[in-house]
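Hi there,

Here is the structure I promised to pass on to you. Please have a look at it first, and then read my notes below.

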Amino acid sequence: MAQNRAGLISELKTIVGQRHVLSDPVDLSVYECDAETFDVAIPDLVVLPGSSQEVAAVVKLANRHQIPFTPRGAGTGLSGGATTVRGGISLVLSRMTKILSVDADEQTAVVEVGVTNAAVSQAAAKFGLHYAPDPSSQAASTIGGNIAENAGGPHTLKYGLTIDHVLGVRVVLANGETTTFGGNTTATTGIDWLGLFVGSEGTLGFATEATLRLTMAPPAVKTMIAYFDTVEAGGEAVSKVVAAGVVPAAMEMIDRLTLNAVEDAVHLGLNREAGALLIIELDGSEISISFEKDVVERIISDGGATAIRWAKDAEERAKIWKARKASFGSLGRIAPHGYVLDGVIPRSRLAQAIRQIGDIGKQYGVQIANVYHAGDGNLHPCLLYHQDNLEEVKRVMEAGRKILDLCVQLGGTLSGEHGIGIEKLEAMSQVFTEEELAAMAMVKSTFDPEYRCNPGKLLPMPKSCGESGLRPLLRYTLSGSGGC
Ligand SMILES: Cc1cc2nc3c(=O)[nH]c(=O)nc-3n(C[C@H](O)[C@H](O)[C@H](O)COP(=O)(O)OP(=O)(O)OC[C@H]3O[C@@H](n4cnc5c(N)ncnc54)[C@H](O)[C@@H]3O)c2cc1C
């Protein structure tokens, strides 16, 4: 790379413009990781294309120079997916923010993938529509990143993941050719390329444009908070609500530590003594909601809720959601760093998982704040730490690994929405057999025979040191935590 660097930079500038190629070490260091900050790798170059054609031209050029390229949106990923583990080009699509059309009759939007998730809903709102997947990062994260990670959010429980709301994607393949997966309708004929691409973590090519399915705003919405003495009691109540046949739009829970951090940060008048705060949102017609409201209230009361409050109006509803959406940010008041996990367990094991995560925290002396997409068994324990305390960092990483082991043992899996990236590579063999991993590798090599598109992610490849399942890019030197 060093040998051809000047020539490559000049060719890249011809494609995307002078200002959109970054090569200064200070500029490059901004792109050393995503929101998973354990693994770091500074790209050789950062390129910000402005169109699908420019993405294709950059990919073709990188292939000619035989260097890797890694897609990046807003860099809010929590598994190191956008980190350039083999160097090369970080290809950042965040300039591509056009909303090309909103079709109110078809309830679709065509967008460039660098647009943020929240901007799509804002554009759809004037037609009484919204884009249903709502990751808590929606103000910053891009549609391209959401597609690559198959992002979810609080309303995934009722409305599904990103895959349920993407009809088609324009893709620049690893060889620089452009194609389309899916179309303008939900019908799938032939091999489901779109299904394969969504959630492939940027390893099969670049999404550049997407046709999204929009959703009618529900005629009525009711949101409540309930307090419980313990998170286990809240977890039991969540399982019982679903077992009763009610599918709320969202069921989210935070524990006492998180609740107090939120209250310190945003002063919502939350009950600081409660062990857990559960948010339940119902939506649909007035009639269905009034029936579901009674069922939910009875189950929650019988399950030991110490207080239940339904939001009176939109303002109170917004306050309730603020408590949830401010959770991770507020934890910064307790410790400067947090390692957010993303394990999934069967919903019926929620109370048990919560108990055992608490035990792991005690065993490793790690403070764990818990935020749960409780309705779909997707847990986000946030392990708090100080990065200058290497001994603490090591305990945090070990405890994190134990919690993922626990999720798998309970019949769950490694990730609900944040992806495998580089962070969970070594755990892939826990949930997939060698044959299954080999089949996935075959798909990868069909799309990307040279392994240049986001290499070193998602699939462990026990070929060389960097691919051995260890984590050679750790920011910290921790004995016994990997390395070559
Ligand atoms: C505070 C916080 C809250 C979060 N809450 C949620 C949540 O509720 N639900 C959830 O699902 N996630 C959540 N996340 C994780 C993250 O926001 C999502 O994974 C999001 O989808 C990443 O989008 P991004 O644009 O930041 O992508 P990046 O982080 O830039 O990239 C993520 C992955 O997508 C690939 N990629 C990016 N753009 C493209 C493209 N155009 N084509 C192909 N591949 C591409 C990258 O190579 C990488 O593998 C949260 C993160 C934070 C920091």
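Let me start with a single residue. Pro 218 counts as partly exposed, because its relative accessibility is 23%, and the buried class takes only residues under 20%. Keep in mind that this is a predicted model. Pro 218 sits in the loop that joins β11 (215–216) to β12 (220–228). Leaving aside residues up to four places away in sequence, Pro 218 touches His 130, Asp 283 and Gly 284. Ser 285 is 67 residues from Pro 218 in sequence, yet their C-alpha atoms are 7.4 Å apart in space.

Next, the sheet. Five strands form an open sheet in the order β5-β6-β10-β8-β9, and the pairing is antiparallel. At the edges are β5 (99–103) and β9 (178–182), each of which pairs on one side only. From one strand to the next the twist averages 15°. β8 (residues 166–173) and β9 are joined by 5 bridges in the antiparallel sense, and Val 171 stands opposite Thr 179 of β9.

Two helices lie across this part of the model. Helix α3 (residues 52–64) lies across β8, β9 and β10 (205–213), at about 40° to β8. Helix α4 (residues 117–125) lies across β5, β6 (108–112) and β10, and runs at about 45° to β5.

There is also a helix pair to look at. The axes of α8 (residues 231–243) and α10 (residues 286–302) come within 9 Å and cross at roughly 150°; the crossing is right-handed. On the α8 side the contact is made by Ala 237, Lys 240 and Val 241, and on the α10 side by Val 296, Ile 299 and Ile 300. Sorted by class, that contact has 5 nonpolar residues, 1 charged and no polar ones.

Last comes helix α14 (residues 390–409). Its 20 residues reach 29 Å from first C-alpha to last, close to the 28 Å expected at 1.5 Å a residue. Which residues of α14 are buried? Among them are Glu 392, Val 393, Val 396, Met 397, Ala 399, Gly 400, Ile 403 and Leu 404, and also Asp 405. The buried residues of α14 pack against β16 (337–340), α13 (350–364), β17 (368–373), β18 (378–385) and α15 (428–431). After α14 comes Gly 411, with a positive phi near 95°.

Best wishes

Conventions. Residues numbered from 1 in each chain as written. Predicted model: local features only at pLDDT ≥ 70, side-chain atom pairs only at ≥ 80, totals over all residues. Heavy atoms only, no water. Axes fitted to C-alpha atoms, helices over the stretch in contact; angles between N-to-C directions. Helix = DSSP H or I, 4+ residues; strand = E, 2+ residues; numbered from the N terminus. Left-handed = near helix turned anticlockwise from the far one by under 90°. Contact = heavy atoms within 4.5 Å. Nonpolar A, V, L, I, M, F, W, Y, C, P; charged D, E, K, R; others polar. Expected span 1.5 Å × (residues − 1). Buried < 20%, exposed > 50% of the residue type's maximum accessible area, 1.4 Å probe, protein only. Pairing = 2+ DSSP bridges.
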